[in-house]
Amino acid sequence: MRKGVLEYCILSILSHKEAYASNILDELKNANMLVVEGTLYPLLIRQKNQGLLSYRWEESTQGPPRKYYVITEKGRDQLKEMDSAWQEMVSSIESLKKD
């Protein structure tokens, strides 16, 4: 379940702006989601291989070039599906909590 939530979070972050891995990690940490690089990179690679993300290289003034990840149209479609599934799950859980 956590992997699915992280994939959802990555797409959500990238739906607002392109970002490199360190930015994504920072955003996840700011949301109190403790994620390490060893967890993030395989997810980014998987999402890229699925066509949900693409990337571009940009020269950096401080160190080596950076790989900026960008959500694709397929990724946006997937995010919409995930948004819907998330809302359904939240609704179901809220219903269970009331009973």
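## An aromatic cluster

Tyr55, Trp57 and Tyr69 come together as one aromatic cluster. Rings of Phe, Tyr and Trp (its six-membered ring) count as paired when their centres lie within 6.5 Å; planes under 30 degrees apart are stacked, over 60 edge-to-face, and the rest tilted.

This is a predicted model, in which local features need pLDDT of at least 70 and side-chain atom pairs count only at pLDDT 80 or more, while totals for chains, interfaces and linings use all residues. Residues are numbered from 1 along each chain as its sequence is written, and side-chain values use heavy atoms, leaving out hydrogens and water.

## Ring pairs across the chain

Searching the whole structure turns up 4 aromatic pairs. One of them joins Tyr8 and Trp86 in a tilted arrangement, 5.8 Å centre to centre with 40° between the planes. Tyr8 belongs to helix H1 (residues 2-16) and Trp86 to helix H4 (residues 73-98), so this pair ties together parts 78 residues apart in sequence. Helices (H or I, at least four residues) and strands (E, at least two) are DSSP runs, numbered from the N terminus.

Now for Tyr20 and Tyr68: their ring centres are 5.2 Å apart and their planes at 70°, so the pair is edge-to-face. Here Tyr20 of strand S1 (residues 19-20) is linked with Tyr68 of strand S3 (residues 66-71), 48 residues apart. Both Tyr20 and Tyr68 are buried (under 20% relative accessible area, with exposed over 50% and partly exposed in between; 1.4 Å probe, protein chains only).

## Charges over rings

The charged end of Arg56 sits over the ring of Tyr68, 5.0 Å from its centre. Likewise, Lys67 places its charged end over the Tyr55 ring, 4.3 Å from the centre. The term requires NZ of Lys or CZ of Arg within 6 Å of the ring centre and within 35 degrees of the ring normal.
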